[in-house]
Structures are given as C-alpha cells and as structure tokens.
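Please prepare a briefing on the structure shown below.

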Amino acid sequence: MNVQTGYLQNVDGSCLYSLNSTKVISSVTGPIEPKPRQELPTQLAIEINLRPATGVPTTREITLQDKIRTVITPILASYKFPRQLCQITLQLLQSGETESLFNQLELAACINSTVFALVDSGVPLKNLAIATTIVIDSNNNIIHENITDDILKNNKSVHVIVYQIENNKPSNLLLMDSHGDFDEQDVLKVLEASESNVRQLNKSFREYIQSKLSN
Amino acid sequence: MSRLEVYSPEGLRMDGRRWNELRRFETSINTHSHASDGSSYLEQGNNKIITLVKGPTEPTLRSQLDQTKATLQITVNLTKFSKFERSKTTGSTKNERRILEIQTALVRTFEKNLMLNLYPRTIIDIEIHVLQQDGGVLGTLINGITLACIDAGIAMYDYISGVSIGLYDTTPLLDVNSLEEAAMSCVTLGVMGKSEKLSLLQVEDKLPLDRLENVLAIGIAGAHRIRDLMDEALRNHAQKRISNASNK
Amino acid sequence: MAKDIEISTSESKFILEALKQNYRLDNRTFDQFRDVKIQFGEELGDVLIEMGKTKVHCKISSSITEPYEDRPFEGLFFISTESSAMAGPQFENGNNTGEDEVLISRIIEKAVRRSGALDIEGLCIVAGRKCWAIRANVHFLDCDGGFVDASCIAVMCALLHYKKPDITVRGEKIIVHPVEEREPVPLGILHIPICVTFSFFNPMDMEENVKGESNSEIVIIDASLKEELLREGVLTVTLNKNREVVQVSKAGGLPMDALTLMECCHKAYSITETITNQILKEIKIDNEKRDKYSAILSSENARETS
Amino acid sequence: MTLSVAEKSYLYDALASTPSIRPDGRYPYQFMPIEIYTDFLPSSNGSSRIIASDGSECIVSVKAKVVDHTSDDDLLHIEIDIAGERDDALITESCTSLFNKLLKNIDMKKLQLTKKYSFKLFIDVLVISSNSNPVSLISFGIYSSLNSTSLPKLVSNFDDLEVEELPMFHDYDLVKLEVVPPLVFVLGIVKNNIFIDPAASECEVANNGLIISWTNGKIIAPIRTLALNDTNTKGFNPNLIQEGIKLVEKYASDIASALQNI
Amino acid sequence: MSEVISVVARNGAFQKNMITESFESDNSDNSDNEDYNMSGSDDDEEKPATRQIASDSDIMTPGELITDDPVWMRGHGTYFLENKTYSSVAGTVSKVNKLLSVIPLKSRYAPETGDHVVGRIAEVSNKRWKVDIGGKQHAILMLGSVNLPGGILRRKSESDELQMRSFLKEGDLLNAEVQSLFQDGAASLHTRSLKYGKLRNGMFVEVPNSLIVRSKNHTHNLPGNITVVLGVNGYIWLRMTSKMDLARDMPPGGSTQTSGGSMGPTGAVSLNPNSNISITRLEEESSWKIYSDENDPNITNAIKQTISRYANIIKALAFCEIGITQERIVIRYEASMAYNDIGSLIQRDNMENIGQEVLNAEKMRGSAA
C-alpha cells in the first residue's frame with residue numbers, strides 16, 4: 001500500500017492511494033455551502049463523484065459511488081454540520097483490473113483513499129473504515145494480497161470487506177460485497193483473512209500518519 | 001469546385017478580387033426598432049447577419065445581476081440553412097462547443113470595449129442570427145455587434161472591426177470567403193478603432209510563424225477600412241435621423 | 001464556473017502592485033515558464049504532468065470500431081477534458097459548458113486534433129469497416145493555473161508514450177495480439193504542438209489602453225491561479241518545432257498591440273523548443289527503461305518524431 | 001404582456017361593441033400591414049422574410065435535395081426556431097406539428113423528378129420576434145418562400161427505373177416550383193365579435209381564438225380553437241365558428257393574391 | 001391595394017433604406033504584399049491636432065476625438081485621456097456652459113428629475129413598487145411617495161404595506177414625476193399631485209423616447225374630447241377628457257363649474273384654483289376612487305374611435321421618426337378626417353404621407369427651425 005495525503009492544494013483533504021496496480025486520487029471539500037436541492041436539514045449532505053481512468057462515467061461508476069456512500073455515511077460525524085455539504089471526488093488513475101468484469105479492487109481502493117482523504121481534510125469522523133479485497137480461487141485457496149487481474153479472472157468468488165476501526169482494531173462490519181460461488185465456510189474464512197488484512201492496513205496507515213505528524 | 005484556382009498567377013482570386021480587396025460591405029442600422037433597443041443588418045460578402053441588442057435593462061434572473069456593471073450576454077444563432085449545404089445535425093446546435101466558444105470570445109471582446117460600468121445592475125442581451133455564411137463569420141459577427149451596440153446608444157471606447165485573412169503560399173488574402181477559408185490557413189482579427197491593438201486574434205490552422213506578422217499587418221489595414229465603412233454608414237444614418245427629427 | 005473564487009481586494013492590489021514593479025508572487029520572471037515534471041505511469045500512455053502545483057493526468061485508451069461513413073480511411077480520435085471539483089471549487093462536476101471549460105477544451109482540440117498531431121489515417125485497419133479509436137482522457141487534478149499548457153503537454157506525452165496492441169487482419173477477422181505476445185505498436189505522431197499561455201494586465205485604465213500610445217500593458221508567461229484570476233486578457237499560442245503556428249487564441253480581453261503579440265509568439269517558440277526536447281528525452285529514457293533489450297537490439301527502429 | 005385592469009376593460013368594451021372598435025381602427029377582416037422580401041438568400045432555393053407592422057418577423061428558407069423517394073417518402077421537412085424559445089418549448093413544438101400536418105396538403109407530385117427520384121424540400125423557419133401567436137405569420141412566410149422557390153431544370157429522362165443513374169439537371173436553367181401551400185389564419189373572439197389577425201393587446205382580452213386553415217379556395221383541416229391568454233379565456237357561441245369560416249372564405253383569396261403579387 | 005392587407009414587397013434585395021458602401025481597393029498598385037509594414041504607424045495624420053472643437057449638431061462616432069482643449073468638463077457620452085476628450089457614442093455634441101457631452105441618437109430612456117413619465121407597475125415589493133418606465137432599470141415608487149386614500153395627512157400604517165396591491169398592482173399604468181435619481185441612475189417617482197396617479201379611460205401607445213421633447217406641459221387636451229399624456233419616456237396615454245382635464249386648461253377666472261359627481265382622471269374632483277373646491281374637499285375626494293380599476297361608463301363608441309385615430313396618428317409620426325408634439329398631433333388629426341377609415345391610417349404609404357404632410361405644413365407656416 002502506498003499512501004500520500006495532502007496531495008492536492010485546492011481542496012480540504014486529498015489522498016493519492018495505490019495498492020498493487022490500482023491507483024486512485026480522492027479529494028474532500030467541506031463542509032461547504034450546498035446547493036439548495038442537496039441540503040439536509042439535520043445533517044451533513046455527502047456528494048460523491050467517481051470518475052473512471054478512461055471514458056465517461058457509466059452505471060458502473062454510479063454503483064461504486066453508492067457503495068462508497070454506504071460506508072462513508074456511518075463513519076462521518078454528520079450531525080455536527082446540518083445544512084452543509086461534503087464533496088468527495090474520486091479520480092481513478094489506473095484500475096488494475098479488467099473494468100468490464102470487475103470493480104472490487106477499485107472499490108476497496110476508493111474506500112480507503114476516501115477515508116484517508118477525510119482524515120486529511122479534518123472533517124470529524126466517528127471511526128475509520130478500512131476495506132480489503134479477498135479472492136477465493138478455483139483451487140479454493142484464499143488469496144488476500146497482491147491480487148492481480150489474472151488472479152481475479154481465476155476466481156471462484158470475490159469479496160470486498162469493509163471493517164469499522166474502533167480502538168485501533170477492526171470491530172463492526174460496514175460492507176460485505178461478495179460475488180461468485182461460495183458457502184458459509186468460505187465466508188468465515190474470508191472474514192478472518194480480511195480482518196488480518198485490515199489490521200495490517202490500519203497499522204501501516206497509522207505509521208504513515210505518525211511519520212507525517214512528526215515531520 | 002477546387003478546379004478553380006484560389007489565386008491566379010495574374011493575381012486574381014476566385015471571386016475576381018485582388019489580394020488586398022475587401023468583399024462588398026453593406027449595412028443598415030436600426031432595422032428592428034420594435035424588437036430591440038439597437039439593431040443592425042450586415043452583409044459582408046455573402047455573410048448575412050441580423051444583430052439585435054436588448055438593453056441595458058432590468059435583469060430577469062438574479063444570477064444576471066452585477067452590482068458594479070452590466071452583465072453582457074451574447075447568443076449566436078447559426079441557422080441550419082446558413083451554409084450552402086444545409087446542416088445535417090438533428091436537434092439543437094445551440095450547445096455545440098464551437099458556438100459556445102464563439103459566444104464566449106465575443107463576450108470577452110466586447111466586455112472590454114463597452115463601458116459596462118456605466119450600467120450597473122442591468123443586462124445587455126445581444127442576439128445574432130446568421131442567415132447566410134460564407135467565410136470569416138467571426139469577423140462579421142464582431143462588425144454586426146459593433147453597429148448594433150452603437151445604435152442602442154451603449155457607450156463604448158471605440159469601434160471594433162473584424163476581418164479574416166488567409167495565407168495562400170506566401171500571399172495574404174484579405175477578407176476570405178468560405179472557399180478560400182477551406183483551402184488555406186486563416187487568421188481572424190478584431191481591431192480596436194484605428195489603433196493596432198487587437199481585441200481578438202484567432203488562428204485555427206497551421207501557418208508559418210515567420211509569415212504571421214505580415215498577415216497581421218494586412219489584417220489590421222483591412223480592419224481599419226472596415227471601421228471607416230462602418231463609420232460612413234453610421235454617419236449617413238445619423239444624418240438622416242437628425243434631419244428627420246429636427247424641430248422636435 | 002460554479003463559484004467564483006474570491007480573492008481579497010488587498011491581496012489583488014498587492015499582486016498587481018508587485019507586477020507593476022516587476023515581481024511575481026513565486027519570484028519568477030515575467031518570461032519564465034514553470035519547470036515541467038513528467039511522470040509516466042505503470043501502463044503505456046499514462047502520464048502525470050506537474051507544473052508548479054498544477055497537476056494534469058492523461059491516459060490513452062484504444063478500441064477497435066467502425067470509421068465514420070464519410071471518412072472511411074481515417075481512424076477516430078477523441079480528447080475528453082472533463083473537469084471536476086477536485087481541481088478546485090471553481091470547477092463544477094459534470095459541467096462542460098462553463099466559459100473556461102469550453103475554451104480549454106476547444107484550444108486543446110485545435111492544438112492537437114485539428115492540427116493533425118496524431119496520424120489518424122494510420123489508425124485505419126480495413127477501409128470503411130474497421131479502425132482504431134484512440135481516446136485521450138485528460139483529468140484535471142489540481143489547478144494552479146496553466147491548465148491549457150499542461151494539458152497539451154500531457155496529451156502529447158501520453159500519445160507519444162502509448163502503444164496500441166499489434167493486430168493481424170485475416171479477411172474480415174481481426175486478431176488482437178496481447179502485449180505479452182507481441183511488441184505493441186506506437187502511434188504515428190506527425191508533430192508535437194506545445195501551448196504557451198500569456199496573461200495580460202493593464203496597470204493604467206482602459207482609456208490609456210485604447211487611446212494612449214504607451215503600450216504599458218504587462219505581459220507574463222504561464223500565470224499561476226491567482227494571476228489568472230486577476231488577468232484582464234489571455235493569449236494562448238500553440239507552436240511546434242518546425243516554426244509552425246498551430247493555433248493562436250486571444251478570445252477577447254484586454255486589447256493588445258499587434259507587435260507585442262508577435263513578440264509573444266517568438267518567445268513562445270523558444271519555450272516550445274525547450275519543452276519539445278524535454279518531452280522527447282524523457283520518452284526515450286522511459287522507453288529504454290521499459291525495454292532494455294530492444295534498445296540494445298534495434299537502434300534505428302524508432303520513428304523519428306519532430 | 002401585462003395590461004392594467006382598466007386597459008383590459010376598455011379594450012374589451014371596444015372590441016365587444018357593435019360594430020367592434022379595434023385599437024388601431026382595423027376592420028374585423030383587416031390584417032396588419034406587412035412587408036415581404038423574397039429571394040435574398042442565394043444559397044437557398046427559395047427564401048422569404050415577412051415583417052408585420054407590429055415588428056413581428058419571420059424568415060423562411062427553402063432548400064432542396066434530390067432523394068430516392070422509394071426509400072424516403074417524406075418529401076417535406078419543416079423545422080421551426082422561435083428566437084428566445086427552447087427547441088422543445090410548447091409553442092415551438094405545437095407550431096411544428098401544425099405545419100407538419102398542414103403541408104401534407106401540398107401536392108407532392110410536383111416534387112417528383114423521375115420514377116425513382118424526387119426533390120426533398122427542407123423548410124427552415126426562424127421567427128425573430130413575435131408579439132402574438134406566430135402561426136399566421138409563419139404560413140405567410142412559407143407561402144411566399146415556396147412561391148419564390150426555383151429548382152434546377154431536369155434534363156434527363158423521367159423513366160429511370162432501368163438505368164442506375166441520378167437525375168441530370170440543366171447547367172443554369174431553373175424551373176419555378178408550382179405548389180400552393182396552405183395559409184393559416186388566427187381569429188380572435190370577444191363576446192359576440194370575431195376578427196382576424198388579433199394584435200397582442202387584442203389577444204390579451206380575447207375570450208377565445210380560432211385557427212382556420214385554407215388552401216386553394218377552400219377551408220381545410222385543422223380548424224381549432226386557440227386560447228389567446230390565460231385570464232380571459234372562456235366558452236363562446238358556436239355560431240362564431242361559422243362566422244369565422246365565412247370571414248376566411250371571403251378574404252383568404254385576397255391574401256393569397258397579395259402574397260403572390262411579388 | 002387591397003383593404004384586407006397592405007403588402008410592401010421586394011424581391012432579391014433585403015434591406016429597407018439600405019446604405020450601400022461598397023469598398024474598392026484603392027491601392028491597386030500596391031500589389032506587392034510587403035508594402036504593409038506594421039511597425040510604421042500610419043494613422044497619425046488622421047488625428048486632427050487642432051484645438052478646435054466640433055460644433056453642435058456635428059455627428060460624433062465612438063472613439064472620435066472631440067477636442068484636445070482641456071477647459072471642458074466631460075459629460076455623458078464622452079471619455080478622456082489627458083487633455084483629449086473622445087466620444088463614446090454616436091450622436092451630436094452638446095455644450096452647456098463648460099459641460100461637453102454627446103447626446104446619442106437613440107438610447108433607452110434616461111430619467112431626469114422633474115420628468116413627467118408614464119409607467120407600468122412591474123413588481124410590488126417591500127414598501128415600494130418597481131415601475132417599468134422604459135429605462136435601463138425599473139424606477140422606484142415608494143409607498144410614501146403616493147397619496148393614499150384618506151388624505152394627504154394620513155399616516156402610513158403597516159396595513160398599508162400589506163395591501164399595496166389594492167392600490168397598484170402588476171400591470172397597472174400610472175403617470176408620475178421623477179422626484180430624484182439614485183446614485184446608479186435609477187429614478188425615484190412620486191404621484192403626490194392630483195395630476196399624477198393611476199390611469200384609466202383610455203389606451204396605451206409606446207413610441208421611442210427620443211421623439212418626445214421635455215416641455216413644461218405633457219398633458220394636452222385634444223379636439224374630439226380626448227386628452228393625451230405624452231410621457232417623456234415615450235409611453236403615451238390617450239384617454240377621454242375628464243372634467244379635471246378641462247379645468248386644467250381653463251384660463252384663470254374662467255367660469256368653470258365643477259358640476260360635482262364626475263371624477264377627474266385620478267378620481268378626484270377638479271382642482272382648479274378658481275373653482276370652489278377647497279383643500280378639505282380634496283382630502284375627502286382623495287379616497288379609494290383614485291385607485292379604482294373601473295372606467296367611466298360614459299365612454300362612447302365615438303370617443304373610442306377617436307382614441308384609435310389618435311393612436312394611429314401618433315404611430316405614424318413615430319414611424320416617420322418625427323418628434324411628437326401636441327401641435328403635430330392636432331394638425332394631423334384634422335387632416336386625417338379625409339380618411340374616413342381609421343384602419344387605413346396604419347398602411348405604410350398613408351403613414352408616410354402623414355409624416356410628409358406634417359413637415360410640409362410646418363415649412364409653409366415657417367415654424368420649422
């Protein structure tokens with residue numbers, strides 16, 4: 001994992017995030033004045049725009065936007081900013097997977113990038129959320145790191161798991177997005193693998209922040 | 001069509017002009033007194049345009065209100081029948097980027113020339129209908145707007161006159177028509193009064209850098225002529241009005 | 001633009017006063033173009049350009065499609081320049097009809113596509129049936145002025161960097177060879193247009209500009225965002241190394257003396273030369289990095305681009 | 001256009017009285033004076049510009065193209081652009097659909113060149129300004145532009161079914177297009193009076209309006225009512241339709257000949 | 001010409017009053033294209049380097065040098081650089097004392113204090129009406145600048161603010177005086193005189209404001225029992241002459257008797273200084289009636305026809321771009337009796353005749369300046 005926060009200057013928070021061959025930039029602007037139609041009377045409204053590396057946004061991107069929203073909404077302290085807006089923009093630079101078949105690597109990268117950009121922006125968060133991708137390949141091996149397009153193509157099932165981080169460790173599950181052929185046993189294995197992944201990611205992110213703060 | 005020589009060895013162009021000759025330039029002013037505050041009809045060669053200026057007047061939208069100056073809005077309607085071949089596009093052409101670009105360029109050209117600060121909290125809305133186009137349209141639009149704004153009595157620093165110049169091999173051809181425009185690289189100028197200051201300068205095709213200065217010089221001279229033609233037309237118009245309205 | 005970015009009166013006064021005394025906020029001289037940083041991504045045709053704090057990313061994608069009916073011998077080439085709120089609050093998501101957005105996209109369009117920088121006839125596979133469609137996706141990441149100049153460099157670098165998969169035509173069938181199997185083919189680049197943007201300021205009032213003879217207007221190259229917000233006129237000159245004017249755009253704004261504009265064009269030429277050389281050098285370095293062996297094997301194979 | 005209550009009641013009373021008094025003194029059958037210019041667009045096959053004395057103005061261009069009518073039998077294409085209105089505005093769309101129907105009355109045989117090919121006419125209407133419903137003005141514009149339309153003269157054989165060739169035309173000889181386009185009349189109704197070509201202020205107080213179409217000496221479809229404002233509109237005596245039709249029958253040929261004598 | 005429709009037709013050409021200025025290159029011998037050299041500034045000789053100033057009635061166009069004499073104060077329609085004063089509009093030079101300005105041939109109405117204008121309510125807002133007077137901006141009519149029912153001395157209350165629309169609402173026409181100008185040039189109006197207020201009993205006509213000349217009186221009684229209000233802004237109101245209109249025209253000591261009951265144009269009974277109406281009556285009469293929307297029931301068809309005739313005459317004068325004055329309207333009215341048919345007055349050649357006859361008549365009488 002490679003993280004660089006504060007990458008952009010014209011927004012309140014940003015993060016250049018890459019994991020293996022997937023690379024995404026996220027930006028956060030807010031809280032700002034919303035357009036009247038976006039305004040929510042009691043809480044912070046969230047606008048998410050995701051732009052693909054090539055071509056124009058399609059339903060695929062809108063689906064991803066919605067999934068990111070379901071993860072971000074619960075971790076934001078949105079009650080603190082009624083009638084305000086938080087604008088999140090994501091630009092994929094490199095998807096790292098065959099875009100017509102998969103979106104799992106991008107989804108996990110986008111979520112992590114967004115959360116780190118939110119941390120960078122100073123918008124109050126209740127918790128962190130960290131996402132990871134797990135593949136069970138045709139030989140029933142669980143693959144939890146260095147997932148490439150080829151590994152994805154050889155999957156029996158693919159899973160994106162997002163954990164909420166509390167007291168520096170994974171607690172509740174925020175999102176589980178599984179595709180393919182799997183059983184209960186597989187799910188348990190996936191959860192286990194993903195928890196350790198998330199733990200690891202959380203650790204590296206903390207280290208990054210710490211080193212950034214000490215500078 | 002291309003069998004015709006763009007520029008003959010005898011120094012004649014397809015329509016019989018010499019290299020430094022302007023096209024026919026005919027204009028009438030205050031053509032639409034019912035529908036606008038200022039108007040002009042202009043034929044520059046086979047370009048035929050109607051320009052209507054409405055305002056300065058109370059803006060209808062809040063977003064058009066500027067406390068310090070008038071908001072300038074320009075809409076260019078390139079009619080589908082304006083070219084020899086009717087435009088094939090179905091539906092509206094109003095949001096084409098090329099048209100938006102022309103509109104923006106015109107607004108930015110006249111924003112600096114009209115004394116908009118004299119008309120705070122108002123809007124000036126300019127509407128141009130291009131009935132026929134035959135090359136160098138942007139320059140013609142500039143001339144039409146200049147005349148219509150003067151007719152509307154809107155204060156301005158000076159005339160802006162527009163013209164396009166083509167470069168055929170090494171010979172600049174003044175005031176190109178559409179056949180010439182298609183056959184060579186062209187430069188469009190918007191010149192401030194009788195000065196050598198350019199409000200607008202556009203080159204859209206490849207042109208040797210070392211020829212540009214020469215082309216600009218011819219263009220400026222041509223634009224000054226156009227300014228004089230507009231001035232003459234305007235004075236004739238004014239004379240007529242004044243003699244009509246004398247003894248009010 | 002969605003919202004006008006406000007710049008305080010005192011700050012704008014300060015910047016203008018400094019300009020009058022020959023100073024710029026970032027200590028550059030008036031004629032100084034910012035250093036261009038070119039970074040190539042992992043994939044082919046993936047480039048990030050940084051000019052000061054301005055960041056523009058360009059990525060090329062290709063696909064096989066049908067040519068236009070009236071142009072059977074030509075491939076397709078699109079440049080998409082969509083702005084998003086990421087680059088700054090002045091850009092609205094999905095709004096491509098804003099004045100600045102339109103001007104940027106039109107200038108890039110004229111500089112690169114209309115000028116024939118990419119050989120689109122070379123994209124033809126089967127006349128009237130199949131051709132390559134090349135798409136340059138320009139992403140504005142961070143705006144500190146100079147989007148046009150940076151985007152043009154980004155597009156050209158990405159086109160030079162990109163290689164499309166090799167193909168074999170068998171009758172009606174087209175076989176696309178994966179990159180791993182066969183060395184991909186670079187695009188035909190016919191010239192490299194470089195945009196240089198000049199910004200104009202009027203230290204006097206409009207009367208002096210229109211009727212005066214002093215020509216006291218200030219001209220700076222490669223304005224930063226704050227300078228862009230305060231400028232009264234802008235000129236973008238696009239040239240290539242062959243001393244060809246590719247495109248010039250001064251869409252209104254402060255009227256400027258024709259001779260001054262000519263001087264700008266000449267200044268732009270020397271910048272064009274420098275940047276073109278830099279691009280070619282960095283492309284070469286990256287190519288060598290990617291394929292150490294082919295550099296040894298074939299020395300004179302690369303197509304000479306100018 | 002907003003009028004004051006007093007203005008409206010003055011106008012209404014004047015128009016409702018017997019005989020009706022129109023604000024500009026016109027007879028019930030009298031049109032506003034118009035100016036017509038034709039043939040000013042050399043790159044179109046026909047063109048016209050109509051300006052009414054209230055400043056309403058409309059420009060029409062007719063362009064012809066040779067098409068294979070066995071595959072494209074829609075030989076008249078009309079597009080209407082009303083300045084200041086969006087292309088999908090109600091007024092624009094209703095005008096377009098009205099004229100699409102009306103122009104079906106034109107004898108398409110006149111456009112046929114050979115057994116296979118015909119001229120297809122593209123009629124583009126640009127309404128530069130209009131103070132009231134522009135349909136009447138547009139129909140005058142179409143009428144005079146089609147009347148001024150000249151098309152290249154056919155020199156090749158009519159029977160081309162055997163030969164796979166496009167029709168051939170004379171180098172410079174033109175033939176006048178001989179079609180009779182329909183005219184559309186707008187009538188205003190105030191109380192028991194009906195009058196032709198209502199001005200903007202008359203529309204403002206009218207109780208209702210009628211659109212009556214006419215061609216070649218006879219009334220044709222569509223005839224329909226047309227609300228001219230949204231404050232005063234109400235029902236009216238059906239006999240007024242008869243009266244309106246009589247009015248049009250009596251005077252339409254005068255209009256047609258006035259438009260033709262150019 | 002058919003009486004159903006009058007058609008002016010032209011084939012080929014497009015423009016009316018076409019000013020044709022064809023340009024022929026005059027330096028045919030300069031076919032060597034190196035002849036133009038940009039660095040040489042060749043326009044110096046075109047600037048008259050004189051201290052002379054253009055005289056009145058000289059036509060100026062934008063950017064033209066009017067004078068390089070620094071003694072002048074620069075007014076509207078000009079701008080300056082150092083000593084030189086330039087024109088910013090096309091029009092004629094006007095010199096008033098040391099104030100130099102250029103009056104544009106045509107522009108939207110620019111209000112001046114004291115102008116008598118006719119306006120239409122465009123918007124009812126907080127304690128004020130916005131009035132369309134054909135200017136660059138709407139004029140403002142403050143609630144405090146109108147007479148309210150109940151008399152002049154009545155205090156304005158909050159309930160007045162709430163019922164502003166019952167006095168004047170969108171679309172209503174009124175005549176008023178320009179009381180003052182705001183900094184940005186917008187006019188502030190008042191109707192605190194019985195000659196101003198809501199307009200009734202007639203018809204509205206609009207002409208270019210440049211055709212109306214500011215004068216002492218803008219309300220005129222015309223033959224045929226008609227009164228015209230010629231708003232300086234080019235908005236004109238034609239109405240049946242009221243008792244009050246008659247009273248206004250009476251010479252002092254005249255024997256007018258306001259035979260009570262009939263209303264003046266503003267709903268109040270005539271206020272002739274010589275009539276026996278006291279200021280207290282005024283207060284009584286200044287009632288809700290002044291804001292009534294009802295027309296006088298006594299407007300006969302003959303009156304309506306006369307109003308139409310006057311309207312057509314005014315439009316004909318405007319068509320010929322002839323200044324509109326009471327005298328000219330009356331002359332033409334009398335002459336127009338030759339046309340039995342009012343509707344024929346709108347035909348183009350008749351309009352042109354009307355204009356020509358007015359000018360001829362004035363020449364004959366030598367009243368033309």
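The points that follow are grouped by topic.

This is a predicted model, in which local features need pLDDT of at least 70, side-chain atom pairs count only at pLDDT 80 or more, and totals for chains, interfaces and linings use all residues. Residues are numbered from 1 along each chain as its sequence is written, while chains are lettered from A and ligands numbered from 1 in the order in which they are written. Helices (H or I, at least four residues) and strands (E, at least two) are DSSP runs, numbered from the N terminus.

**Sheet in chain E**

- In chain E, four strands make up an open sheet with mixed pairing, in the order 3-8-9-5; two strands pair if DSSP finds at least two bridges between them.
- Strand 3 (59-60) and strand 5 (73-74) of chain E are at the edges with a single partner strand each, so one side of each has no neighbour in the sheet.
- Six bridges link strand 8 (residues 91-96) of chain E to strand 9 (residues 99-104) of chain E in the antiparallel sense.
- T92(E) lies opposite I103(E) of strand 9 of chain E.

**Helix packing in chain B**

- Helix 1 (residues 97-111) of chain B and helix 2 (residues 137-151) of chain B have axes that come within 11 Å and cross at roughly 45°; axes are lines fitted to C-alpha atoms, for helices over the stretch in contact, and angles run from 0 to 180 degrees between N-to-C directions.
- Helix 1 of chain B and helix 2 of chain B are therefore oblique to each other (angles under 35 degrees count as roughly parallel, over 145 as roughly antiparallel, 65 to 115 as roughly perpendicular and the rest as oblique).
- I102(B), L106(B), T109(B) and F110(B) of helix 1 of chain B meet L138(B), L141(B), I142(B) and I145(B) of helix 2 of chain B.

**Helix packing in chain C**

- Helix 2 (residues 99-114) of chain C packs against helix 3 (residues 147-161) of chain C at an angle of about 40°, with the axes 10 Å apart.
- That angle makes helix 2 of chain C oblique to helix 3 of chain C.

**Chains B and C**

- In chain B, 33 residues are in contact with 32 residues of chain C (two residues are in contact if their C-beta atoms, placed from the backbone, lie within 7 Å).
- Helix 1 of chain B gives the most to the side of chain B that touches chain C, namely nine residues.
- Strand 9 of chain B and strand 15 (residues 256-257) of chain C run antiparallel and are joined by two bridges.
- K197(B) has D257(C), in strand 15 of chain C, as its bridge partner.
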